[in-house]
Amino acid sequence: MAAISHRIAGPQRGAAAAPPRAGRRGAAAVIAAAAARGAQRARARALEGASDELRAAAAQCLDWAPARRRVRAAFAPVLPTLDHCLFKMAPKEIQMEENYETNSKGVEIFWKSWLPREGTATKAALFFCHGYGDTCTFFFEGIAKRIAAAGYAVYAMDYPGFGLSYGLHGYIASFDGMVDHVIEQYARIRGMKEVRELPHFLLGQSMGGAVALKVHLKQQKEWDGVLLVAPMCKISEEVTPPAPILKALNILSCLLPEAKLFPQKDIGDLAFRDPRKRKVAEYNAISYCDQMRLRTAVELLKATKDIESQLEKISSPLLILHGAADLVTDPQVSKFLYENASTKDKTLKLYEGSYHAILEGEPDDRISTAINDIISWLDSHC
């Protein structure tokens, strides 16, 4: 779901694409590119009711940001017509703005804002950290609009290598480096005149929960609260390979870091309880849905172990929401986080029978309940 002193593995805007490198990594790049095309073609076939033009767009290789941006533009007009409450029931007149900004590391980052209706007072600013493989421009659009309609300024970005930001698709060279990208981008936004004096909250979903916790641990006094949805503090054994395979993959990740060789289950069916919403998720055409890259897998496992060792350092007001039937990220770990976080202001809500994607993949009433729980908690902390 809906995870870099980051070396940009691909060309920046205006630059020519680099040819495959020679040797083992060059061969791996060719094989990975072919596998990626196969994965995209499979996704295109799964698009129920899509036109031939959309299927052709979805079948493109999305390794680099220009292709992802073209595909997103092709799908954008279709999103309001999708049969999902986050699209059909999204509040109107929310003020939205999209931006591309090059950071101090030379990486072009996509970020977006959703502001309350004109004339509505802004209570606080909420900064979103998305999950693994995801983007802030699909399901989160509807979530952000609902929170903005309640009086909050909402900001979100795509990490390098994900969504509309630059970088090799699905590649995390360093989890801590990716967190530093988030800190820098959100520091720029928090410094803007209209945001500076507001309370600032972090919202992290799945892998984004790990990102949000890492941001908080690096900036202990700079956030007014952390909200976590099915946070990735530890990866469930249901989707983790056996220990001998992990050891081998750790070695391979040094030799072929970008290779898509990490064995993983399709977590879509584990994440979405409502099968109709699972089909809608296929229209998130720029999400990363291929096998996980080796370095990415190793970095995610390292990040969860590091967070697990620092839970007692979490001192910010804390809200944790988790599906009790989640088989992707373990709800028992959320309980462990709740029990061990040093903050006295903490709330844990477990949703009986719910899967991983409690904001997107549940029945409509459960989705509304979870979003309203977020808004109610924010209201009580402003």
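**Charged pairs and their surroundings**

Guide: In this predicted model, Arg 188 and Glu 184 join their side chains in a salt bridge, with 3.0 Å from N to O.

Visitor: Why is the contact between Arg 188 and Glu 184 called a salt bridge?
Guide: The N to O distance is 3.0 Å, and the cut-off for a Lys or Arg nitrogen and an Asp or Glu carboxyl oxygen is within 4 Å, so the pair qualifies.

Visitor: What makes Arg 188 and Glu 184 about one helical turn apart?
Guide: They sit 4 residues apart in helix α6, which covers residues 175–190.

Visitor: How do you know whether Glu 184 is buried or exposed?
Guide: Its relative accessibility is 16%, and buried means under 20%, so Glu 184 counts as buried. Arg 188 has 32%, which falls between 20% and 50%, so Arg 188 is partly exposed.

Visitor: What about Lys 302 and Glu 299 in helix α12?
Guide: Those two are 3 residues apart, about one turn of the helix, and their side chains form a salt bridge at 3.1 Å, N to O. Glu 299 has 9% relative accessibility; that is under 20%, so Glu 299 is buried.

Visitor: How many salt bridges does the rule give?
Guide: The count comes to 25.

Conventions
Residues are numbered from 1 along each chain as its sequence is written. This is a predicted model: local features need pLDDT of at least 70, side-chain atom pairs count only at pLDDT 80 or more; totals for chains, interfaces and linings use all residues. Side-chain values use heavy atoms; hydrogens and water are left out. Buried means under 20% relative accessible area, exposed over 50%, partly exposed in between (1.4 Å probe, protein chains only).
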